[in-house]
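Please look over the structure before reading on.

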Amino acid sequence: MREWISLSWLQAMVLAVVQGLTEFLPVSSSGHLSIVSKLFFGDDAGASFTAVTQIGTELAVVIYFAKDIVRLVAVWFRGLADAEVRRTPDYRLAWYVIVGSLPIGVLGFLFQDYIRSTLRSLWITGATLIVFGVLMGLAERFGRQLRGLDRLQLRDGVLMGLAQSLALIPGVSRSGGTITAGLALGLDRPTAVRFSFLLAIPAVFAAGVSEVSHVFEPSAYGLQPTVAQMVVATVVAGVIGYAVIAWLLRFVERHSVYLFVWYRIALGLVVFGLLGFGVMQP
């Protein structure tokens, strides 16, 4: 086991800003945190730092979609005893969020050691940035995009949940995976993005809470933050994340996702170049 390497306040704030900017964009926040921390700080921020700061960005989702969440929770509880309520789109949507959250929870628990270590290689991150960028471009090009939120089906929840679980690998992107799956299934862009946000809430909160105990343990994986740095970084990421949510929802109403496709491919190639020339270690 290597010597404890402390995280500085500058590093914590830079990583918090990166987390807030990239969590909801389909470009992989965990991949960006790994790239930035290794390139500029000489070490990985760590999967635990990533998971806990995601609590801040998910709080931003809860605040932004507070009315939707309260409505869905209330409808779900009423539907447990009322057959009429069980026929409403909101009741079905609530169940789709629950069902879609299960795959990432199960796989995250089973493979947590690999997630914190082996899967954080930048060779893997660079490859997944490119591969899943191409897949997102294909989904944008060939997806029919005919269905809105009121036409969601159980199949959408299951398959988008499975796509979300791929984000356990840095570089895939939780939002990128779910948006890609949604477009491929025929959802329109605003619906795919909105459902992606709702789908993330249970999974990311669970991951963040489960990783709190690991953040402050000396380990072989990642820079080590203090309690104060972790709290401030989480708040900063949440504030920036809230602004990104509002921007992205407006953006996808008028534009395709090709901007993110080309960005992912370019970044993946840059990562390969930096690794190949020895500028950055995997």
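Buried means under 20% relative accessible area, exposed over 50%, and partly exposed in between, with a 1.4 Å probe and protein chains only. This is a predicted model: local features need pLDDT of at least 70, side-chain atom pairs count only at pLDDT 80 or more, and totals for chains, interfaces and linings use all residues. Residues are numbered from 1 along each chain as its sequence is written, and side-chain values use heavy atoms, without hydrogens and water.

**Aromatic rings**
- Rings of Phe, Tyr and Trp (its six-membered ring) pair if their centres lie within 6.5 Å; planes under 30 degrees apart are stacked, over 60 edge-to-face, the rest tilted.
- The structure has 10 aromatic pairs.
- One of them joins F251 and F260 edge-to-face, at 5.6 Å centre to centre and 65° between the planes.
- F260 is buried, because its relative accessible area is 5%.
- F251 has 13% relative accessibility, so F251 is buried too.
- A cluster of F24, Y64, F65, F197 and Y242 is linked by ring pairs.

**Helix α1**
- Helices are DSSP runs (H or I, at least four residues), numbered from the N terminus.
- Buried residues in α1 include Q11, A12, L15 and A16.
- V18, Q19, G20 and T22 of α1 are also buried.

**Helix α8**
- In α8, the buried residues are D156, G157, M160, G161, A163, Q164 and S165.

**Helices α7 and α12**
- The axes of α7 (residues 122–142) and α12 (residues 258–276) come within 8 Å and cross at roughly 160°.
- Axes are lines fitted to C-alpha atoms, for helices over the stretch in contact, with angles from 0 to 180 degrees between N-to-C directions.

How values were computed. Helix = DSSP H or I, 4+ residues; strand = E, 2+ residues; numbered from the N terminus.
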